[in-house]
Amino acid sequence: PTIVLVAVGLVGVGMSIFVLPQLANLFESLSVELPITTKILLFFANTMKNHGVFVIGGFVILAILFRIFIKLPKVKPYWDSFLLSLPIFGPLLQNKQMTSLCRNLGVMLKSGLPITKALEVERLGTENLVFKSYIEKIQKSVNKGKEIREELDQGNYSRFSPIAIKMIGVGEKTVKLDEVFLYLGDFFEEEVDNTAKNLSVVLEPVILLVIGVIVGFVALAIISPIYELTGSIK
């Protein structure tokens, strides 16, 4: 889907800059009443012809400003929480965070680091502020002598997988927490792979449908005035 979108974007930019302005000159010279689809296309073509550099530059600037905005300390927590709450992409991002969290903790525990130090390192390396706050709260409770499962059961960890909470409790009871974390890392990575594959399958027909609608609109806008001109000549 990414390759298709990039290709369509490049074709659209090329048509807007090189093709549509030429069609605009042609249609404006015709002495026929243009349909609404053609008028819309002409408006877009004239805009790109006269102000195309500013339009494209404006979109680029807006994208850069938006990226800077969501990185602000007061905005990023809400943005990260919003991403995790999205219907389709939210679970994918959540499983991705769980994969990183569990695998990193499993590797560090396997290498001999104490759980408190492993949590501190993971907290410093986590970019999503929702999970960063989770790790920080877990770290504080572990420093006070509480078990991770106990803190997860008592605290507000709505984005933390229930399966992981149960498995962590088993790992603490069997003193095999490192193996449990490594297993969970593989489990959530498989979930991420499956979701990404299914998402690609779902997005492909949607993208093709959108492209078909756009192509149909452009074709209708170009062909309609030609037919009207032919009819007026007869």
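The radius of gyration used here is taken over C-alpha atoms, and the globule rule is 2.2 Å times the number of residues to the power 0.38. The model is predicted, so local features need pLDDT of at least 70 and side-chain atom pairs count only at pLDDT 80 or more, while totals for chains, interfaces and linings use all residues. Residues are numbered from 1 along each chain as its sequence is written, and side-chain values use heavy atoms, with hydrogens and water left out.

**View 1. Overall dimensions of the predicted protein.** The radius of gyration of the protein is 27 Å, whereas a compact globule of 234 residues would have one near 17 Å. Its C-alpha trace spans about 90 × 35 × 30 Å along the principal axes. The protein has nine helices and zero strands; helices (H or I, at least four residues) and strands (E, at least two) are DSSP runs, numbered from the N terminus.

**View 2. The largest nonpolar core.** A nonpolar core is a set of buried Ala, Val, Leu, Ile, Met, Phe, Trp, Tyr and Cys residues joined through side-chain atoms within 4.5 Å. The largest one holds 27 residues, of which Met98, Ile138, Ile148, Leu152, Phe160, Ile168 and Phe181 touch the most other members. Two or more residues of this core come from each of helix H4 (89-110), helix H5 (115-125), helix H6 (129-143), helix H7 (148-154), helix H8 (162-174) and helix H9 (177-233). In soluble globular proteins, nonpolar side chains tend to be buried together.

**View 3. Surroundings of Ile168.** Contact means heavy atoms within 4.5 Å. Neighbours within four places in sequence aside, Ile168 is in contact with Ile148, Arg149, Leu152, Phe160, Leu177, Val180, Phe181 and Leu184.

**View 4. Glu136 and Cys102.** Glu136 is placed in helix H6. Glu136 counts as partly exposed because its relative accessibility is 33%. From C-alpha to C-alpha, Glu136 and Cys102 are 15 Å apart in space, and they are 34 residues apart in sequence.

**View 5. Val175 in the loop between H8 and H9.** The loop between H8 and H9 contains Val175. Most residues other than glycine have a negative phi. Val175 is not a glycine, yet has a positive phi of about 55°. With a relative accessibility of 73%, Val175 counts as exposed.

Definitions and conventions
Buried < 20%, exposed > 50% of the residue type's maximum accessible area, 1.4 Å probe, protein only.
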